[in-house]
Amino acid sequence: MSHLYVHIPFCTHRCGYCDFVATEDLTLKNPYLDALMKEAMLLKARFNLAKQPLKTLYIGGGTPSALNAKELERLLSGLKDHFGQPSEEYTIELNPETVTTEKVALLKRYGVNRVSLGMQAKQERLLRLLERKSNFGQVDSAVGLLKGVGITRMSLDVIYGIPGQSLEDLEETLVGALALNPDHLSCYALKLECDTPMGKKEALGLLEMPVDDVVAEHLAFIVDFLRARGFERYEISNFARKGCESQHNMAYWLGTDTLGLGAGAVYLVEGVRYNNHKRISEYLDGVLRDVLPIEEIEVLSQEDYALEYLMLRLRLSAGLNLQAYEQRTGRNLLVEKKTTVDRLVAEGLMILEDAHVRLTDKGMAIEHAIILALC
Amino acid sequence: MSERQKHIRNFSIIAHIDHGKSTLADRLIEKTGLLTQREMKEQILDSMELERERGITIKLNTSRLVYKAKNGEEYVLNLIDTPGHVDFTYEVSRSLKACEGAILVVDATQGVEAQTLANVYLALEQNLEIVPVLNKIDLPSARPEEVIHEIEDIVGIPADDAPQISAKNGLNIEDVLEAVVARVPAPKGDENASLKALIFDSYYDSYKGAVAYVRLFDGTAKKGDRVRMMAKGVEYEITEVGIFTPGATPVPMLSAGDVGYITASIKNVKDCSVGDTITHAKNPTAQAMPGYKPATPMVYCGIYPAEGQDFEVIRDALEKLQLNDAALAFEPEVSVALGFGFRCGFLGLLHMEIIQERLDREFNLDLISTAPSVIYRITKTDGTVLMVQNPSNLPPLQEIEMMEEPIVLCDIMLPKEYVGTVMDLCQTRRGTMIKMDYLDERRVQLHYEMPLNEVIYDFFDALKSKTRGYGSLDYEFKEYVPAELVRLDILLNKELIDAFSLITHESTAYARGRKICERLKDEIPRQMFAIPIQATVGTKVIARETISALRKDVLAKCYGGDISRKKKLLEKQKEGKKRMRQMGNVEVPQHAFLAVLKYDEGK
């Protein structure tokens, strides 16, 4: 078991579009950390893990940096005790306004070698629209602090498709981001779920989302811009300099077994997917009773495997190996879906080469429709 | 005539729609004490839920009432309820054949309207005694004096001593009963002569077999009698005779003058044909009653199973409906786009809608109906004449010598302030005005000749909306007239979708074609590739739209917790795709189909 995800659901402020497992109730931090450690023990017992070394460890949220220094140390030392030092990649997500010198030093001390910072956009007005509390200046400072302690691997999150965001705005954001010298960028289209503050505004007509074609243009712009500056698009939303891809996330896309800790964590072990309770109270209750806080278990069938294989591999630029696919699923895509494949290739949405199929940029923009047509 | 016969009255109630005939029927049943008020369900004679919902009577129902008149004598009043919509004129005339008189109900606030007249003419044709009755006298807008004059002037029968009632409030109902007793003649006929019973309707009961609604003109009928259906030439033994009170109630015997039913374990409903005469096998009557004109379908549409449904199931349902609705015609047909289905014939649009609703509601069928069409008469260059209702069966243009379309005579009654807009409406529907009559200071009657295919495209709704509900329409077939007709085809992704084809007049082809292309563009979701939509006449493209290709359909974030969700969505959508029709390699959802094939609104 080489990959572990740890969820820290606390935030000093929830952003307008957030529908993650996150809360602004910071009183639960310590009980939560207690529970995490307990869950770690239960997990190790359940899956019979000896103290095997992890390859990747990813601390996400919420805002992991909503923990104060003491809490952060508690977390990091606990994880070290249970799981040791991950050999390849140790990532933590941070929000720039909660990054302090003290915390950064802790990160370094405990071997965190990669950071993902929520930048989202450069422009104040867009950040306000998104109801984000940080600004670009803070991102800049945070980056400075991290460099200062020698944490060099850095990813920035950017959001496009924001109401009122022009291509100029987008360019400005990307230029600003690249000036900070990240080795990785994750770019996501803004998606509003109905029970988020921004989602509610949209329902009331107070907010109008850009049309699909505009969002498609944003994405195309981003891809071209980054590619021209040495970033390879290795997954639909993820761009990296050579060798700087997120190893942890690759595990998801390759269908590799993973483990997870924390409220809302989802992990996959030997063909079974485990979904932890999303509500913190239920998560805590579970662990309190000395049981793994699992809300739902999904046993993957052959069909599940086949569909997941197809939909995940096509997200990657490396694409899908047709022989491997046929071995796993018994489906010969070129025969079963000949007309569709031919048309997709002819329209420049997909490339068929060396027994691999992969989506072009144009194809990645309509990835869902393509998978639906092929599955 | 026997004493018994002298105390029988057979009558119907005729009226324009909504003038209150069903309510009056309820009150008559109540008044004669057959059922208590509590036992009466509102408008009990409208037995089907659908009818009750739409507030109209579709199926015939009869009821035998017993009334003690003011003169102290008891009378048997056989009441036959009739439908009032323009589509069902023929059902009205059938029931009238069984009667000697008809109560003409006229709404005292509305006065004489289009169907009032149409029905009166039918009754007069049968030489029935017409008893006018003014209803809704309780309403403040009632104008009885004026309406009495209208009846006398327009209908041409005296009405000054017509009972003035409120069926809703039960006011003066007795006056109606008295008028029936006084003015409707007793049925003639010799109960000792050989049996002569007219079948004026039938229905199929799963236990009893076909049940014939009969009016005995001569003779008697009882259980055990061996009888013959004269036109069909088949013989049966009577298993039961009875009357309607209003439910079927067996009696020992029916005699001349009576209205009731006969069952004879008739399994083949076609043997119980409306218009036929029942007589005794051993001692048949000399001459059968003159039969009826068979109902002629005017409007057709294709009915197909929705994706995944079995076409046989539709056939079963249509056959069952036909048992009680001889006017419904259907035969199998095939569509390249929709597969196996049926071409169904109806008396009119209302009839069509009702059948569609019954198929949906009573049989739970998921159906696709094509746009309604009329029957065109096509003369080919080689001299053969074809009657074409399915646009796909139109022969190629070069083989056609002449095309003719059915023209109907429309009687439209409306308040005079709307004459201008309605004349415009008729004009845009290719109508020709024959004449205009001033009925009184308020109302006008327009007589127009119009192509039926224009009338069936929601003309009635447009008329109602332009006259704020006051306009009324009655129409009947006149003749076939040569017309410049074309077949409008729709191509999706360059492939002709036969289910969308329409036969339309040359002058309307462009507008229709454009409208359909626009509708399809709105209704069909964007797909991975751009989709051209074209409307063509022959090889000429007369309208086009393009559905641009999808440019964004992507899940941006796909990490641990997102995977199951995305997968479930894909699975659900995959299922949904199965319910979509593939036409020309385009996924067409059901609602797109329906939106296009329903007739235009807002013309």
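Which side chain makes a polar contact with the side chain of His3(A)? It is the side chain of Thr56(A), at 2.8 Å. A polar contact here is a pair of N or O atoms within 3.5 Å; within protein, one must be able to donate a hydrogen and the other to accept it, and residues adjacent in sequence count only if both atoms are side-chain atoms. This is a predicted model, in which local features need pLDDT of at least 70 and side-chain atom pairs count only at pLDDT 80 or more, while totals for chains, interfaces and linings use all residues. Residues are numbered from 1 along each chain as its sequence is written, chains are lettered from A and ligands numbered from 1 in the order in which they are written, and side-chain values use heavy atoms, with hydrogens and water left out.

**The two chains**

- Chain A has 16 helices and 15 strands, whereas chain B has 15 helices and 32 strands. Helices (H or I, at least four residues) and strands (E, at least two) are DSSP runs, numbered from the N terminus.
- Of the 375 residues of chain A, 58% count as buried, and for the 603 residues of chain B the figure is 58%. Buried means under 20% relative accessible area, exposed means over 50%, and partly exposed lies in between (1.4 Å probe, protein chains only).
- Chain A exposes about 15500 Å², with 51% supplied by carbon and sulfur atoms. Chain B exposes about 25500 Å², with 49% from carbon and sulfur atoms. These accessible areas come from the Shrake-Rupley method with a 1.4 Å probe; for residues, only the protein chains shown count as cover.
- Take the contacts in chain A between residues at least 6 apart in sequence: 71% of them join residues at least 24 apart. In chain B, 70% of such contacts join residues at least 24 apart. Contact means heavy atoms within 4.5 Å.

**Where chain A meets chain B**

- The contact takes 41 residues from chain A and 27 residues from chain B.
- Together the two chains bury about 3400 Å², 61% of it on carbon and sulfur atoms. Buried area is the accessible area (1.4 Å probe) that two parts lose on being put together, summed over both.
- Across this interface there are 20 residue pairs in polar contact, both at pLDDT 80 or more.
- On the side of chain A that touches chain B, H16(A) gives the most, with seven residues.
- By class, that side of chain A has 24 nonpolar, five polar and 12 charged residues. Ala, Val, Leu, Ile, Met, Phe, Trp, Tyr, Cys and Pro count as nonpolar, Asp, Glu, Lys and Arg as charged, and the others, Gly among them, as polar.

**Salt bridges**

- Side chains of opposite charge can pair when their charged atoms come close. A salt bridge is a side-chain nitrogen of Lys or Arg within 4 Å of a carboxyl oxygen of Asp or Glu.
- The whole structure holds 55 salt bridges over all chains, and seven are found across the interface of chain A and chain B.
- Lys567(B) pairs with Glu308(A) in a salt bridge, with the closest N and O atoms 2.7 Å apart. A network of salt bridges links Arg273(A), Glu298(A), Asp304(A), Glu308(A) and Lys567(B).
- Arg343(B) and Glu333(B) meet in a salt bridge at 3.0 Å, N to O. Arg343(B) is in strand S18 and Glu333(B) in strand S17 of chain B, 10 residues apart. Both Arg343(B) and Glu333(B) are buried.
- Lys521(B) forms a salt bridge with Glu545(B), the closest N and O atoms being 3.7 Å apart. Lys521(B) lies in helix H13 and Glu545(B) in strand S30 of chain B, so the pair ties together parts that are 24 residues apart in sequence.

- His3(A) lies in strand S1 (residues 3-8) and counts as buried because its relative accessibility is 9%. Leaving out residues up to four places away in sequence, His3(A) touches several residues, including Leu54(A), Gln247(A) and Asp257(A).
- Ile236(A) sits in the loop between strand S7 (232-235) and strand S8 (238-240), and counts as buried because its relative accessibility is 1%. Not counting residues up to four places away in sequence, Ile236(A) touches Arg315(A), Met364(A), Glu367(A) and Val554(B).
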